[in-house]
2 protein chains.
Amino acid sequence: MKTYLECIPCFLRQTLEAVRMVTADPKLQEYVLREVLRLVSEMDLNQSPPYMGWQIHRLIRQVSGNPDPYREVKRRFNRFAMELYPQLKEKVDRSEDRFQTAVRLAIAGNIIDFGPAGAIDGERMDQTIDESLKSPIDEEAIEKLQVNVFNARDILYLTDNAGEIAFDRLLLEEMPLERITLVVKGSPVINDATIEDAENIGLSNLVKLVDNGSDVPGTILEQCSERFRRLFNRADLIIAKGQGNYETLSESNHRKIFFLLKVKCPVIARDIGCDPGTLAVFENSPSED
Amino acid sequence: MKTYLECIPCFLRQTLEAVRMVTADPKLQEYVLREVLRLVSEMDLNQSPPYMGWQIHRLIRQVSGNPDPYREVKRRFNRFAMELYPQLKEKVDRSEDRFQTAVRLAIAGNIIDFGPAGAIDGERMDQTIDESLKSPIDEEAIEKLQVNVFNARDILYLTDNAGEIAFDRLLLEEMPLERITLVVKGSPVINDATIEDAENIGLSNLVKLVDNGSDVPGTILEQCSERFRRLFNRADLIIAKGQGNYETLSESNHRKIFFLLKVKCPVIARDIGCDPGTLAVFENSPSED
């Protein structure tokens, strides 16, 4: 997905929120905002929005001298999500369609996100979980995903955020674990999941775990490690969680990708062709099945 | 009021809204956004936000080749407000405290504004009028304003927007008309009232009417005409309508200014020390009365 003009005010809003989280020094905050204004004034709008997010958060980490400003936030989200995990697992166990319920919950977990919408509290999480179990969803797309999962030899599951990955665990557990490679970011960016988070959630005991070698809040293949690109090009099914992965991979038609995301932004909603708030499940290109 | 960091995303949002109103050409829209990003990256934050608004709207007018892009909008607002005028006048006539009711309605008219909040429809206007008649308001400040009005020899009334000035008319009519000079902008900027609008509303037959010689969406004295500055420095009471006038005159303590505005922006609310949505009536400096 390219960068739309509407993304520009949002870059600045997100920069301000992020820089305030990492420093209370108004001079540093102002410096970062001015730098981002300059970067955005010259940016290539054919790049996806996470490309600019990448530059913004690199700058913020550099200026603040903190290589992982969201570390505590991520730990809190991981704990918070793991406390929910047993009751969510019970919801899957009691449901008529385990796979569909797990997909719904994996998408519900996608609201744990510091980028577009700020913090999350228990009440909003409970509400999101309830809604995600009832909201309309493309059931055919889920069935197609399920068929693809069971036919694939090599599944690459691209995670999005810390905390959210505990919700992903529910879906992973409905899939053939030995055929899955779970992918996290190569180093910290916003609250995106890294190796440390996946280990916290116990995912390294469950599936093969790799990082993509990059600190882009999404998946820009050219920025990823050679090793990750090999895995990407070899996989016969890719499951990509969240907006950042959609924004960066929406035009990658050489692989079969299923996107799973909660649509939190009106621009992405328009790009997908759905309403904001949608629990989106869809395939990037016509399936060959 | 200085420019806060929160104003920066808002400048970009307002630029995008405004440039889309004047041109459907995405290249021009992109050009204007990039220019504004560059301007904001270098701006002096000690200037008030309308200083940047001024530069943004000059750029938009220049790029679009349209010296008055909001002309039709302003005419529509004037007609819309003049249609409401008779029933509003009746509300004043039937009220127990005519002056207070007129102040409340003059502030209600301040939501007719294209800058911070987009368009306005009849329903929202009716709701705003009802609320403005019931909402808490600083009655002591209104009484103090009334005393000052009746003691002043020379009252300068700084208007804000087209349409809104029909609401101001209700308040003007509760004041000694012969002592009032009504001030509009020197040339078009956004939907701010100009001589043409004041004449449309019939205000030129009611009071002395002058323009301030400037196209700033507020009152930056250095940008105003010599003639206006003389009037400003001579007046013993200044009534300043709207956010733009507050933002640009909040630090002018050498004159007695009463600000009347609907607080539409959280940053301005914090600067004033009130909640967003407040019907604000207050004096800039301790009164000598």
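Where in chain A is Pro67(A) found? Pro67(A) lies in the loop between α3 and α4 of chain A (helices here are DSSP runs of H or I with at least four residues, strands are runs of E with at least two, and both are numbered from the N terminus). Before going further, some housekeeping: residues count from 1 along each chain as its sequence is written, and chains are lettered from A and ligands numbered from 1 in the order in which they are written. This is a predicted model, with local features needing pLDDT of at least 70 and side-chain atom pairs counting only at pLDDT 80 or more, while totals for chains, interfaces and linings use all residues.

Back to that proline. Pro67(A) is exposed, because it has 11 other C-beta atoms within 10 Å (20 or more within 10 Å makes a residue buried, 12 or fewer makes it exposed, and anything in between is partly exposed, with C-beta atoms placed from the backbone). Leaving out residues up to four places away in sequence, Pro67(A) touches Arg61(A) and Pro188(A). Pro188(A) is 121 residues away from Pro67(A) in sequence, yet their C-alpha atoms are 7.3 Å apart.

Now zoom out to the domains. Chain A splits into domain 1 (7–64) and domain 2 (71–283), with bounds that come from an automatic or database domain assignment. Their centres, taken over C-alpha atoms, are 25 Å apart. Where the two meet, 10 residues of domain 1 of chain A are in contact with 13 residues of domain 2 of chain A (contact means that the C-beta atoms, placed from the backbone, lie within 7 Å). On the domain 1 side, α1 and α3 (49–64) of chain A each supply at least two residues, and α3(A) gives the most, with six. That side is made up of five nonpolar, four polar and one charged residue; Ala, Val, Leu, Ile, Met, Phe, Trp, Tyr, Cys and Pro count as nonpolar, Asp, Glu, Lys and Arg as charged, and the others, Gly among them, as polar.

Among the buried residues of α4(A) are Phe77(A), Leu84(A) and Leu88(A). The buried residues of this helix pack against α5 (98–108), α8 (164–172) and α9 (195–200) of chain A.

Finally, bring in the second chain. At the interface, 16 residues of chain A are in contact with 16 of chain B. On the chain A side, α1 and α2 are the elements giving two or more residues, and α2(A) gives the most, with eight. The copies meet through the same surface, because 100% of the interface residues of chain A are also interface residues in chain B.
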